[in-house]
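Q: I'm new to this structure and would like a close look at a single part. Could you walk me through the enclosed space inside, then show me how that part sits in the rest?

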Amino acid sequence: TTSTTTTTTTCGCNGFVTSSGCDCNSCTGGGGGSGSGDRRDRRSFIQPELCCCDGVTTTTTTTTTTTAGASSSFITPCNGNPVQVGPSFGAGNPSPVTVVVSGLPTSLSSIKIILHDTSTNRPDDLDLRLTAPDGTTVILTCDQGGNSDFDADLTFIEGLSPIPDNSMGSGPFGYASSQEECNSFNPAPASTASSFVGVNPNGDWKLYSYDDRNGQKTEFCDVELIIT
């Protein structure tokens, strides 16, 4: 929030600037128009310089409130070829999915991760981790969600409750309940964090997916990051 104070002077009576000062004997109307008392020969004042004889000073304070940190969206579309995770044990195809972020301030305040059009009937098999450009890695889900069906956008927002262990629900969800190493990922991350706040968001973000049990398949399409 910023405040700007502007002081203006409104003249009720303008005089003409002369070599001896401001001549107020024949005032014009405010703003320079000819008043009834103006008896000068105006032909000699084609563009006269005016001065204020009877001024009223007003002070105006303008307050402007701006919303800091507008959100920006970055998306990697699947172009009709969704990411497939399973049904066989192993990494998704493709994995990782890279989302390129650029042009943002160098400290992230918040991030929303959306896997559009996610479809699975055994969320417990799906393991996901997201790695920021600086290497910061957060596990989004690992062995969570049970065997419940899920057909919607899968959304993660920091600070919310994680996917439950035995049921899916509708979301959005927080990050995995435990940020300890999820054994599915190969290679495993050197370390994991619980937050992306403060990282520099500019660069390549990588979403890794893995199916840790044979038999069921998960698909999702566009991967979107909404960053503030």
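**The cavity and its surroundings**

A: Let's start with the lining of the largest cavity: its residues divide into 5 nonpolar, 2 polar and no charged. The lining itself is made up of P123, L126, T141, Q144, L154, I163 and M168. A cavity here is a set of points on a 1 Å grid over the protein atoms alone where a 1.4 Å probe fits but cannot get out, and lining residues have an atom within 4 Å of a point. The largest cavity has a volume of about 30 Å³, and the count comes to 1 cavity of 30 Å³ or more. Volume means the space filled by probe spheres set on the points, with grid points joined across faces, edges and corners.

Before going on, a word on what you're looking at. This is a predicted model, where local features need pLDDT of at least 70 and side-chain atom pairs count only at pLDDT 80 or more, while totals for chains, interfaces and linings use all residues. Residues are numbered from 1 along each chain as its sequence is written, and side-chain values use heavy atoms, with hydrogens and water left out.

Now the wider setting. The protein has 0 helices and 14 strands; these are DSSP runs numbered from the N terminus, helices being H or I of at least four residues and strands E of at least two. Of the 228 residues, 37% are buried, meaning under 20% relative accessible area, with exposed over 50% and partly exposed in between (1.4 Å probe, protein chains only).

G135 counts as partly exposed because its relative accessibility is 42%. Its C-alpha atom lies 9.1 Å from that of S191, 56 residues away along the chain.

Finally, there is 1 disulfide, a pair of cysteine sulfur atoms within 2.5 Å. It joins C78 to C221, with 1.7 Å from S to S. The pair links distant parts of the chain, 143 residues apart: C78 is in the loop between strand 4 (72–76) and strand 5 (83–85), and C221 in the loop between strand 13 (218–220) and strand 14 (223–227). Both C78 and C221 are buried.

How values were computed
On a 1 Å grid over the protein atoms alone, a cavity is a set of points where a 1.4 Å probe fits but cannot get out, and a pocket is an open set with protein on both sides within 12 Å along at least five of seven lines; lining residues have an atom within 4 Å of a point. Ala, Val, Leu, Ile, Met, Phe, Trp, Tyr, Cys and Pro count as nonpolar, Asp, Glu, Lys and Arg as charged, and the others, Gly among them, as polar.
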